[in-house]
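Hi everyone, thanks for making time this morning.

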Amino acid sequence: MREVVRQGLKFLTGAQNDDGGWGYSPEMPSAVEPTCAVLLALSTLSAGETARQRAVGWLWRAYHEDGSWGIAPDDPEGGWQTAWAVLALTRAGEPPEKLAASVEWLLSVKTLRFTDDELQRDIERILDIDPALRGWPWLPGQASWVEPTALTMLALAAGPFAPRAAERLAEAVQYLNDRRCRAGGWNVGNPVMLGAPLPPRAHPTAWALMALNAVAPEAILPRDVAALKEEMHRDGGTSALALGLMALAHLGQDDGEARRRLVAAQRDDGSWEHNPYHTALALMGLRGGRL
Amino acid sequence: MNPTLSRRAFLRLAALAGIGAGLAVAEYAARPVGTATYVRWLARGQRRAVLDPPAVVALAHCPSYQDVQECLRDLWSQADMPDVRGRRVLVKPNLVDIVEEYPSTTAPQVVAAVVDLLAERGAAAIVVGDGPAFRREAWPLVEQSGLAEVLARRGVPFVDLNYDAPRPVPVRDGWLRQAPVLWLPRHVQEADLIVSVPKLKTHHWAGISVSLKNLFGVVPGTRYGWPKNILHINGVTPSILGLRQTLPPTVAVVDGIVGMEGDGPLFGTPVEHGLLAVGKDLLAVDVTCARLMGVRPRKVEHLAWGLWAGVGQGARVELRGTPPDALQRSYAPPPKA
């Protein structure tokens, strides 16, 4: 395992762009999500001190004045990447006061919330959800979805921000309870579409489990964990296996077969799919990394 | 003295009132897009319906996936498809998601036939790509659908469009006024030609999902999330037509060999249709496919708007190949949203 991790770290440090960030491949321009994921992985593994400093510098250069981050510095619209940045910079040791505006941005971001009675009844009929509950959207003004909700919960729970965010975090827990698939686990958003139950998927289930474990572990049901274990193997992709292992590590569990499959998927260049984002997740998954 | 109104004056006033009311209605109808755009779309739609030559759509009865190669070669010639020599081509199947026992994705045999045909005809570079709406990673879908094996045998790369270095481009033709810039993947922007290779199916939001709706998959999740909620927030119909107008030249090869009826795009029932449809005008192809599914095109909002605004030549279509009567079916509609 040590050699697997060493090769992965070697790929990551070699894939860092001159500007200090990482793209979704070494040939791509830097983007916020992969940079944050690699920064978290390096912080978790206590590796690449210089690379981490350069990544922190790049992230601050990509920061918007309103406290948000978009996909890259030239993206004028802030989005779900803001939660990634708050989480990664907090774990990298940045002072909480530097992230205060970003936390406020996350708490005030506009989210679609349906309170009209007739519309609520329609949405409940179609999607079997309570549309008045807010999580977080991918982008401002949109509906809430499981993955950005869970990511934002993890970001707000990571630093000393939880008391300020207590009300929204409690609503987010309700949101995740409401969006749970009937078989346990989570699909990307709603559990039902026009009467047809949607199957759980590995990624949103892993994110939701990590978020609930950080904020309200009592809300996790055994069938959620069972759904994750099944779906991460059914999907079988690098990020599904890696996030699945990370979520299980949060819950004090492991999955030897997932570990074996993930190691087998490492490429000769030390990467997973030549993708720094996937490589960072894989390393965190294999080393039991917690967000 | 009582005021009097002559008959002539009354008629003049009535005519003026009628014109005024007509202008008010037109102004109200045009308000969401602006009068200039509204008039341009209206005029283009009328021109397509009256003056422009018909679009060609070629149809074949192709009873099994084993017959696709041969059917496609014939149809490509019959449909007057563009010369691909020296061009960079992106083949865009529908890999929305895989749910066991539901035929929701384009069959790999159809993608293989398209790739082989493009190679035979001298395309300079061929890539296959999609950005699934419900899965964070496309590769498991590529493997599970059987597409990975098909591409490996041909040495053709797959590009996950969700992760393909998106850059902003202006939305053309006045669609998506609230989001005038869309971030699109590098391989989409750099393609000389896109081949939309959809699965023929019903769709609970869009009515039907064929070559136009298939374009949603080019919108990158790394910018917009999973699913691409922005396209619903901005309206499914303007998003479909805005993408059609913004992308590089795009043609269609429709996999209707096994279609999907009922609760599409994921949970519908397979239909052994045996249809392969090819054309260089997406609206014409989708209007034709709608009819062959037993769906009136003007009942599908994005087709109705596309016809009205002339987003392609859907009003006048010349059919070649197998006569449509032999391919006519009646698909069960999706459940009502």
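Let me start with a term: a residue is buried when its relative accessible area is under 20%, exposed when over 50%, and partly exposed in between, using a 1.4 Å probe and protein chains only. By that count, 59% of the 337 residues of chain B are buried. A word on what you're looking at: this is a predicted model, where local features need pLDDT of at least 70, side-chain atom pairs count only at pLDDT 80 or more, and totals for chains, interfaces and linings use all residues. Residues are numbered from 1 along each chain as its sequence is written, chains are lettered from A and ligands numbered from 1 in the order written, and side-chain values use heavy atoms, without hydrogens and water.

Staying with chain B, there are 12 helices and 12 strands, taken as DSSP runs numbered from the N terminus (helices H or I, at least four residues; strands E, at least two). The C-alpha trace of chain B spans about 95 × 45 × 40 Å along its principal axes.

Now the second largest pocket. How many residues line the second largest pocket? There are 28, and Arg267(A), Glu273(A), His278(A), Trp139(B) and Phe158(B) lie nearest its centre. Helix H11 (238-250) of chain A gives two or more residues to this lining, as do helix H5 (139-144), strand E4 (158-160) and helix H7 (186-190) of chain B. The lining divides into 11 nonpolar, eight polar and nine charged residues. Here Ala, Val, Leu, Ile, Met, Phe, Trp, Tyr, Cys and Pro count as nonpolar, Asp, Glu, Lys and Arg as charged, and the others, including Gly, as polar. A pocket, on a 1 Å grid over the protein atoms alone, is an open set of points where a 1.4 Å probe fits, with protein on both sides within 12 Å along at least five of seven lines; lining residues have an atom within 4 Å of a point.
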